[in-house]
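The sequence and the structure come first.

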Amino acid sequence: MLNTEKAIDSLVEKGWYEQRNVLSVDEVKALGKLCQNRTLVKAAIGKGDSRAINEGIRSDNISWLTDNETDKPVIEYQQNLDVFRQELNQSLYLGLSELECHFAQYPKGSFYKAHKDSFKETDRRSITFITYLNPDWKEGDGGELRLYLPEGMVDIKPYGGTVICFKSSEILHEVLMSNTERLSLTGWFLKRAM
Ligand code: OGA
Ligand code: MN
């Protein structure tokens with residue numbers, strides 16, 4: 001289970017939070033299988049008219065979650081994140097109104113170059129929330145999430161069940177090349193539309 005109190009304190013103090021074993025091995029396997037069985041599409045970058053696929057920057061495949069999911073592990077995941085959304089609002093008055101979330105599959109050899117998830121005051125993405133779904137991840141598999149922090153780089157290992165969350169507009173980050181298939185659920189808590 002996510003330690004929401006610790007997560008909120010850490011987001012305030014450092015801008016990010018990592019916790020291992022948030023999901024059980026069984027939950028990781030169930031969600032990982034659902035990810036592999038979904039219809040995935042090549043992920044795009046940019047917004048509006050400039051939205052495009054650029055495999056030199058980002059080479060993962062994704063499948064967005066909807067409000068009408070039918071698989072129990074997915075519904076439970078969405079419900080748990082909605083509870084966290086409400087706790088974030090109660091503690092930090094962020095005015096988070098919804099979660100957008102996708103499965104992501106990085107095939108062997110894929111990566112996502114350094115970027116931020118939101119840029120301007122008007123961007124609605126406030127908090128990025130990622131759960132890794134690789135039950136057997138080990139050193140050498142690659143695909144670490146590299147955070148570029150004021151004090152230096154931190155590499156997050158994408159062990160199955162690990163959660164990482166961070167302030168979307170503050171933390172520059174990168175997915176290092178994965179040497180094996182890498183699965184995750186990646187989401188963003190959105191601020192109310194202005
Ligand atoms: C993203 C992203 C990081 C990860 O999808 O924007 O940065 O570890 N993902 O999957
Ligand atoms: Mn990102």
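## Ligand site

Ligand 1 takes up the space of the largest pocket in this predicted model. The largest share, 3 residues, is that of β11.

The shell around ligand 1 consists of Arg-58, Tyr-112, His-115, Asp-117, Ile-130, Tyr-132, Leu-145, His-173, Val-175, Arg-182, Thr-186 and Trp-188. By class, 6 of the shell residues are nonpolar, 3 are polar and 3 are charged.

## Polar contacts and cover of the ligand

## Ser-63

Ser-63 belongs to strand β3 (residues 61–64). Is Ser-63 buried or exposed? Its relative accessibility is 8%, and because buried means under 20%, Ser-63 counts as buried. The side chain of Ser-63 is in polar contact with the side chain of Arg-38, at 2.7 Å.

## Asn-3

Asn-3 is located in the segment before α1 (4–13). Its relative accessible area is 33%, so Asn-3 falls between the limits of 20% and 50% and is partly exposed. Along the chain, Asn-3 and Gln-19 are 16 residues apart, and their C-alpha atoms are separated by 8.0 Å.

## Residues with positive phi

Most residues other than glycine have a negative phi.

Asn-21 is a residue other than glycine with a positive phi, near 55°. Asn-21 is found in the loop between β1 (16–19) and α2 (25–37). With a relative accessible area of 56%, Asn-21 is over the 50% limit and therefore exposed.

Where is Tyr-93 placed? Tyr-93 is in the loop that lies between α3 (72–92) and β4 (96–106). The phi of Tyr-93 is positive, about 55°, although Tyr-93 is not a glycine. Tyr-93 counts as exposed because its relative accessibility, 71%, is over 50%.

Key:
Residues numbered from 1 in each chain as written. Chains lettered and ligands numbered in written order. Predicted model: local features only at pLDDT ≥ 70, side-chain atom pairs only at ≥ 80, totals over all residues. Heavy atoms only, no water. Near = heavy atom within 4 Å. 1 Å grid on protein atoms, 1.4 Å probe; cavity = no way out; pocket = protein on both sides within 12 Å on 5 of 7 lines; lining within 4 Å. Sits in = over half its atoms within 2 Å of the grid points. Helix = DSSP H or I, 4+ residues; strand = E, 2+ residues; numbered from the N terminus. Nonpolar A, V, L, I, M, F, W, Y, C, P; charged D, E, K, R; others polar. Buried < 20%, exposed > 50% of the residue type's maximum accessible area, 1.4 Å probe, protein only. Polar contact = N/O pair within 3.5 Å; in protein donor to acceptor, adjacent residues only side chain to side chain.
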